[in-house]
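User: Here is a multi-chain model. Please take me through it, with cut-offs stated.

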Protein chains: 4
Amino acid sequence: MTTARDLTIKTLGEGRFDSPLGPGKRDFVSDDRRILLEDEVGIGAAGPGDLSLEKAGPRERIFFDPQSTTVAVVTCGGLSPGLNNVIRSVYYELIHNYGVQRVLGIREGYRGLNPAEGSPPVELDAAFVHDIHNLGGTVLGSSRGGQPAAVMVDFLESEGIDILLCVGGDGTQRGAHGIVQEIEKRGLDKAVIGIPKTIDNDIPYVWMSFGFASAAEAGQQVVKGAHVEALGAPNGVGLVKLMGRNAGFIAAGAAVASQEANFVLVPEVPFPLEGDGGFLDALEKRVVERGHALVIVAEGAGQHLFEETGERDASGNVRYVDIGVFLRDRIKRHFQERDIELNLKYLDPSYVVRSCPANAWDRILSDRMARMAVHAGMAGKTDALIGFHHQSLVHVPIGTAVGRTRQLDLHSDLWQAVLGCTGQPKW
Amino acid sequence: MTTARDLTIKTLGEGRFDSPLGPGKRDFVSDDRRILLEDEVGIGAAGPGDLSLEKAGPRERIFFDPQSTTVAVVTCGGLSPGLNNVIRSVYYELIHNYGVQRVLGIREGYRGLNPAEGSPPVELDAAFVHDIHNLGGTVLGSSRGGQPAAVMVDFLESEGIDILLCVGGDGTQRGAHGIVQEIEKRGLDKAVIGIPKTIDNDIPYVWMSFGFASAAEAGQQVVKGAHVEALGAPNGVGLVKLMGRNAGFIAAGAAVASQEANFVLVPEVPFPLEGDGGFLDALEKRVVERGHALVIVAEGAGQHLFEETGERDASGNVRYVDIGVFLRDRIKRHFQERDIELNLKYLDPSYVVRSCPANAWDRILSDRMARMAVHAGMAGKTDALIGFHHQSLVHVPIGTAVGRTRQLDLHSDLWQAVLGCTGQPKW
Amino acid sequence: MTTARDLTIKTLGEGRFDSPLGPGKRDFVSDDRRILLEDEVGIGAAGPGDLSLEKAGPRERIFFDPQSTTVAVVTCGGLSPGLNNVIRSVYYELIHNYGVQRVLGIREGYRGLNPAEGSPPVELDAAFVHDIHNLGGTVLGSSRGGQPAAVMVDFLESEGIDILLCVGGDGTQRGAHGIVQEIEKRGLDKAVIGIPKTIDNDIPYVWMSFGFASAAEAGQQVVKGAHVEALGAPNGVGLVKLMGRNAGFIAAGAAVASQEANFVLVPEVPFPLEGDGGFLDALEKRVVERGHALVIVAEGAGQHLFEETGERDASGNVRYVDIGVFLRDRIKRHFQERDIELNLKYLDPSYVVRSCPANAWDRILSDRMARMAVHAGMAGKTDALIGFHHQSLVHVPIGTAVGRTRQLDLHSDLWQAVLGCTGQPKW
Amino acid sequence: MTTARDLTIKTLGEGRFDSPLGPGKRDFVSDDRRILLEDEVGIGAAGPGDLSLEKAGPRERIFFDPQSTTVAVVTCGGLSPGLNNVIRSVYYELIHNYGVQRVLGIREGYRGLNPAEGSPPVELDAAFVHDIHNLGGTVLGSSRGGQPAAVMVDFLESEGIDILLCVGGDGTQRGAHGIVQEIEKRGLDKAVIGIPKTIDNDIPYVWMSFGFASAAEAGQQVVKGAHVEALGAPNGVGLVKLMGRNAGFIAAGAAVASQEANFVLVPEVPFPLEGDGGFLDALEKRVVERGHALVIVAEGAGQHLFEETGERDASGNVRYVDIGVFLRDRIKRHFQERDIELNLKYLDPSYVVRSCPANAWDRILSDRMARMAVHAGMAGKTDALIGFHHQSLVHVPIGTAVGRTRQLDLHSDLWQAVLGCTGQPKW
C-alpha cells in the first residue's frame, strides 16, 4: 500500500544556519535516524522489512533564519482537547528557544487564510497565550472546509509567512498538502507542517492523537453515569452515544476504562441488529437475566443498517443517520412488542467529550508534537505530518497519511479487552 | 396559604426511653426550639410573624427502644447525587450511635414495599454500605410511581418495620403521607419520616436539597464546554438543555457559576419567542454583534409555547414537549430564513448532571439530613419531612410541603445574578 | 456584645442619581429591608429580638455618577478559591450594568496602595478579566500586612478612586476600617466596601465564605487518599493536616464529606493528648481493634499543648507550632514505646486546598458577593462588609465584624455530624 | 547487557487443554510472535538486531484446566492507581472468560503468603470486586518487604494455588523470582506471573506503568496550585516535591503537563546547588527578573549533595535525605543572606499523587495487563513479567527485568520537552 519512497520527507534544502538550540542546550536528532514501521517478527508476521519513518526532533542545522522568519499556526475542523496547548507550545518554542520574532495565529481555520472569508490573523504574544493551556477549544477559532490553495498561498506571500503549521484532521491535512503543491508550483521557500488532530484517533501513523485520552476520560464518566442510571430503575438500560465517525476508539476506550458496558457497537463491526444472536436479542437476554444493561454506541456504528443518503456535511463527510436515536427507539419498540418492562436512559454527551481542557497526558503529547512541528519547520522540512509510532514521534509525508482512516484493529489488545470485559459476541 | 397549625409535627407519643446519645455524647435539641419562617423585616416585608418550624436534632427522650426497633429506608423516583450517602449515614447513625440491630434497605422504591411488584428488602450491613458513599445513584434501586398504601402498610406490619424513611420528591412524599394516614387508620405505632430528594431543588421549605450543588457543578462543566464550542466556530451558538421541570435552579446555578451564558430560559419566565425583543430576535442580535452566543434552557421552560398534550409519565407528571430540540430547530430555521451563518452546537447532557457522585457539600448535606431523619423517627415523630430553612435543618409536616412546587423567586439574589451576568432582557 | 446601633450602615449621603439598573432591569432593594439576627425561638432561645442586618442589593437611587466614578478592587492576604471570580464580576457589574468607565485592579494587596512599596494599578479591561474565573489565585497578586492609612488615602486621592473594594480577611477588613477613618478625617466622599475572604470560614456574620466549599472538596479528596493509604498497609494510620488556624470548619467539613475520619482535632476542642481517654490512647485502641485509623488535624488545633512562643508572622498572627509534624512524631513514639506496628502516612496538602479554582457553589457565591459590593459602593454605603446571614446577603458594619473569630459552634449540626460519623469522644 | 537467551520465557510445559476463549471468542497469539527490542535504525543507532520480546495474549492451548485451577493475586509495596482495577480484571477474566472457579486474594502483600505474619486469603467473588475499580489503593491491603520463599511456596502448596500473580515493583518481582526458584527446586507445576506496579515508572521493559498517568495528572494539579501561590505573593516561589526515588518521570511529566515549572530537579541530573550557574543562582536570577518562580523536585533528586547514611527502609531501599525540606530551608537562607524578599510556598503532596483512583488511561492499561497476566499464567508461562514495549504488551523474563532501574533517558522527547518548556540549564 505504501512504499519506502512514500516515507521520504521533503525538504526545502540544506540547513543554512546553526540551530540556536545548540550547543549544549538540547539534543539534536540527525536526519538519518528512523523508526521501523514494523516491529513484530515471527511466523506470519510482517517482519521489520525496509520501511521506516524519519524521527522527529531538533536538527543541528536549520533552513530558516530565526531572526527573519515568520511562522503561522492554524487550527481547523472540530475541537479536540490540546489545541490551545499546541498553540502555546508552538509560540514558546519559537520565541523562547529559537528566538523567532513573529508568530501569527490564523483565525477561524483555513478561512483566516482567505481575506475574503475570515478575520485577519493575530500576532501572538505572551499575554495572549499565557493561560490558554488551561482552556478547552481553540482561542484562534476554527472552521470546517477548505479554501482555494492559490488564495491561501497568496496570503502566505502577502503576510510574509515562511512556515505554516496546520493543526487538523484528514481534511485539514489534505488542505495542507494542496498548499504545499501550490507553493512548489510557485517555487517558494515555504514550509508546511501538519500536526494531527483527531478526537476519533483515526489518523494513520498516529497511534495516539492528543485529545483522545481526555475524550476517553470524559466518555467513561458519562458511561459511569449511564451505568448508575441503569442500576437505578427496574430493567434499566443505559444507552450512550459517543464520538467516532469511522473508528470506535473512544467507545472502546470508554468501555474498557469503565468496565461497565455490556455491548460496544463500533463502525468496524457491522453487527446484526435483529434475529437470533443479533444485538436486540442479546440485549433482551441480558436485561431479563440481570435486570440492567449498558450499551455504548459510536456515532458511526450501524450505518450498514441504512441506505446511503448521499448527503454531506460542511467538512465533506457523508452525513450519518443518528444511530443513537435510532437504537433508542428501536430498543423501546423491541421491548414493548415483547411486553417486557424497560427503563431506557439515553445519554448523548456529544461535544462534552471534546470541549474539555486536555488532561495531563494530552498536555504532554500536544506539547511534544507542537515542538516537533517547530523543529521540522525550522529545519526546512515540508509536507510532513508529525506522527506517533511505537514510542517515538516521527515525520510522515502528508500525502501518505491522508485519504485513509485508521480504524480499530479488531485483533488489537484494545478491542480484545473490549471483548474480554463486555463478554459481547464476536459478531 | 399555610397556618401555624399546619406546621405542628405529629408524634406517636411521649419519649419512653433515654436516648443512647447521652449523656455527654451529643447535644440534644428540645421540641420547643423552632426557627421563624420569616426573618425579613422592614416596610412591606412579611415580618417574623407567628409561624415557625420545629428544629431537627436528637431528642433526649426517644419513643422507640433501639434494641427492638426495625428501620427501613426506601429511595424513590429519579436519581440525585447523595442518595447512597443518605443510605449509608442512616445505617451508621442507627447501628453505631443508637444501637439499633436491624436496618432494612427497600429495593426499587415503593415497589419494594409491595411483594407482588418488587424484590424483597436487603438487610443492610457494613459490607453492603461500606463504600457506597463514593458512588452515584442508589444501591437500593428506585422506581417511579406509587403503590397502594394498604399494601405497603401490610408489608410494614409483616416485616415488623417500625420506622420508614422515605427518600424522594413530591410524589414520594405524597406516598409517605398516604402511608401515614393508613398507619393512623390502623392505630399503629409506626413512624414515617421524609427525606427530600429533588435534583431540581423544588421542594418547599428546603432551600437547598442534596444533589443540587453537584448538579450545578456538572451543569456548569457542560456549559463551559458549550461555550468553548461556540467560540470554536464562526457564529457559534451553544445551546444547552439542563434539568428543571418546574423550576430553573440548575439552569440559573450553572449560568451564574459559568458566567458564560447570554440567555437562560426557565419555567418561571414565559419568554416571548418571536417578534421584536423576543428570544430569537435577541439571540440574532447577539450573534451578529459578537460572533457567538450561549443559551441555557431548562427542560420545563417554554411550555407556554405549546398546546397541552395531557399526556403524563410514570410519575404522573405532565409530559413536556422537548424544548431543547424545539429551540435547536427553531433557531436554525430563524438564521436560515435570514441567511445568517450559524454553527449551532446542541448539548443535552440529560442524566449526566444527576448520576455523578455527590460533591463535598452534598455529601455533608445528605449526611446531616440522614441523621436528622433518624433522630426524628427514633423520637417518634411522624409525617415529617426534613427541611432546610435559613441555616437550620427543621421538621416540616409532609402534608404542608407536598403538592406545591418551589420555584425560582425572580426577586432572589440568584435570579438577579442571572440577569446581572447574562444581561438578558427581564422578560 | 453587639447592639442595634452597631449594625447601622454608614452612608456618604442621599442617593443623587437614578440607578442605571432601572427601570425594569433589576429589582431594587430598599434600605429599610433587614434580616433578623436571630431566627430561633423557644424556651431558652435568644428570640428574634431587635437586632437585624441591612439587606444587600441594588438601590434605586445611587450616590455616585457612573460616568465619572472610578472604582478599585484590591485582594489581600492568603489565597482563596473565588478571588478571580470576584474581580471579574466586579468588573462586569460596573462596566456592563452600571456603565462605569474606569475600574482599577490594585496589585499585590495593600502594598499596591502605597507607591513606595508596590506596583502601580492596572486598568481592568475585558481582555484582562475574560478568562480569569477559571483560574485559582488572584491575577492581581496579593500580600500580607497593612500599609499606613494616610498613605493609602493619599493614593486614593491622587488616583481619583471613589470606591475601594477590599477583598480579604480580618486583617484586611481592619485595614479597610482604618482607611474609612482616614477618609472621614479628611471629609472625602469615598466609599470603602469589604468583601469577606477567608478559607477558614471564620469571619463573623458570614456563615459561608466563598472558597470554603472548594477547600472542603479539596480537603476531602486528600482525606480519601489518606484513608486509602491507611487501608493499604498493616496498622495503617492516615494523618492529614488541613487549614484552619482558629476555626476547624475545613477539617470538620472534610471529615463529614469523606465519612472516613476517626478523629478530628480542631482549635475549638482542647483535646487531651495523653492518659486514659486521651487522643493517643483512643487512637491506639482503634488501631489495635480495627487495623487502621484516620486522623484529621486542623493547623490551629492542639496549641494548648505548647507554651506560647510570642512569635508572629507577616500578617501579625501568632506563629503556631506545627501540630501535624508534632503529632506525626508523637504518634510514632507512642506506638514504638508499646511495640505496636505502625504504618503512619502523613499528608500535609497545605496550599493545595486553597489554590484550586473555585467550584460551582463558590463561583456563584463570589459572583453574588462581588455584585452586592458594587451595589453598596455605588449607593454610597461605606465601612460595610458583605455578610451572608441565613439565606440572605447583608451589609455588616466592618467595625462590628472585625477583631473576632467565628469558630465552629460545638452545638451546631456540623460539629454534631462530626461526632456522629467519627464516634470520637466529646472531649 | 541482556542477551537473546535472557529474553526467553519459561514454561511449565505444552498446552494440554483447548483455551475456552475459542473458537471465535477471542484472537489467539502464537508463542513465536515477538516484538523487536530496538526499532531505531540509522547511523549510530543500535539497529533492530536479534533481540525481541515475546508478545503477550491468549494462547490457543493452555496448560491449566480451568475447572480445577486455583489462582491467587497479591499486591505488594506502595500504592499505585490501578491496583484494584488489576484485581477486578484478573477476577473477571478468570471467572467469566476462562471459567475458573476459585480466585484468591492474598491479604497484605507477601505477608499474606506467610501464615505466621499475615491474614488468611479471601476468596474473591462478585460482591467483593464489584465496585473496587472506582477506588484508589488496594482492597487486599499491601505490605513492604519479603517473606521466605520456602514458607510462601509451602503456602501455595497447602492452599492448592496453581498460579500466583504478583503485582508489585522491583522488590516484589525479585520476590516472585525467588518463589519461582523454590517452585522449580520442588519440581512443582505452579506458574508465577509478575504485573509491574511502579508509580515512579521505573521498571525496565515497561515504558509506561499503570498509575503513572494518574500520578502525573495529580502531580500537575499540585504544580498548578503552586504556580497560583507563586503568583499570589511578591517574589513568590512555589516548591513542589513529587515522588520519584530513582527516576524523575512524575516530576518531568507534571512539568510538561503544567508548563509552569522553571526548574525540574530529578535523580538523573546531579545539578550543582551553589556557585555561578548553580541552581540557587539561577533561581535567584529568575525571581529577581520575573517576580516569581516554580521549582519541582523529585524525592530522589539531589542525593549527590549528601553523604550516604547507609540507612534503609522496610523495603530495603536506601533512606534518602528529604530533599524538599532541605531545598526549602536552603533557598530561604540564600535569599535571606542576600536580603531579597522571598515568599516561599512549599508543597509536599506526598501520597496524594498515588492514592487517587486510576484515570481512564490507567484503567485501560491495568485491565489489559491483568488479562495478559491471566493468559500467561493459564498458558503455563512462568517467571514472566508483563511488559509494555513500543505499542505492545509483552512477556519479559522476571530475572532480566529486576535489579535495575529504568531512568529518564535525558535524550528522550520527554526530558527534551522539560528543557524546552522550563528553559533550565542542561546541567
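User: What pLDDT does chain A average?

Analyst: This is a predicted model, so local features need pLDDT of at least 70 and side-chain atom pairs count only at pLDDT 80 or more, while totals for chains, interfaces and linings use all residues. Residues are numbered from 1 along each chain as its sequence is written, and chains are lettered from A and ligands numbered from 1 in the order in which they are written. pLDDT is the predictor's confidence in each residue, from 0 to 100. In chain A, 99% of the residues score at least 70, and the average is 95.

User: Over which residues of chain A is the pLDDT below 50?

Analyst: Where pLDDT is low, the predicted coordinates should not be read in detail. The stretch in question has four contacts in the model beyond near neighbours in sequence. A contact means that the C-beta atoms of two residues, placed from the backbone, lie within 7 Å. The pLDDT is below 50 over residues 1–5.

User: Where are the bounds of domain 1 and domain 2 of chain A, and how many Å separate their centres?

Analyst: The bounds come from an automatic or database domain assignment. Domain 1 takes 4–209 + 356–401, and domain 2 takes 213–353. Contact between them involves 14 residues of domain 1 and 15 residues of domain 2. Taken over C-alpha atoms, their centres are separated by 35 Å.

User: What rotation superposes chain D on chain A, and what axis is that?

Analyst: Copies are superposed by least squares on the C-alpha atoms of residues with pLDDT of at least 70 in both. Chain D goes onto chain A by a rotation of 180 degrees, with 0.0 Å of shift along the axis and an RMSD of 0.0 Å. That is the relation of a two-fold axis.

User: Which C-alpha of chain D is nearest the axis?

Analyst: Its distance from the axis is 2.1 Å. The C-alpha belongs to D:His390.

User: Which element gives the most to the side of chain D that touches chain A?

Analyst: The contact takes 52 residues of chain D and 52 residues of chain A. Elements that each supply at least two residues of chain D's side include helix H1 (83–98), helix H5 (212–231) and helix H9 (360–378). Helices (H or I, at least four residues) and strands (E, at least two) are DSSP runs, numbered from the N terminus. With seven residues, the one that gives the most is H9(D).

User: What bridge partner does A:Glu40 have in E3(D)?

Analyst: Strands pair if DSSP finds at least two bridges between them. Strand E4 (residues 40–41) of chain A and E3(D) have two bridges, in the antiparallel sense. The partner of A:Glu40 is D:Ile35.

User: Which residue of E4(C) does B:Ile35 stand opposite?

Analyst: Chain B and chain C each put 52 residues into their contact. E3(B) runs antiparallel to strand E4 (residues 40–41) of chain C, joined by two bridges. Opposite B:Ile35 stands C:Glu40.

User: Is A:Asp339 buried or exposed?

Analyst: A:Asp339 lies in the loop between helix H8 (323–337) and strand E15 (343–347) of chain A. Its phi is near 55 degrees, a positive value in a residue other than glycine. With 6 C-beta neighbours inside 10 Å, A:Asp339 counts as exposed.

User: Is C:Asp383 buried or exposed?

Analyst: C:Asp383 sits in the loop between strand E16 (381–382) and strand E17 (384–389) of chain C. Phi is positive here too, near 60 degrees. C:Asp383 has 25 C-beta neighbours inside 10 Å, so C:Asp383 counts as buried.

How values were computed: A residue is buried if 20 or more other C-beta atoms lie within 10 Å of its own, exposed if 12 or fewer, and partly exposed in between; C-beta atoms are placed from the backbone.
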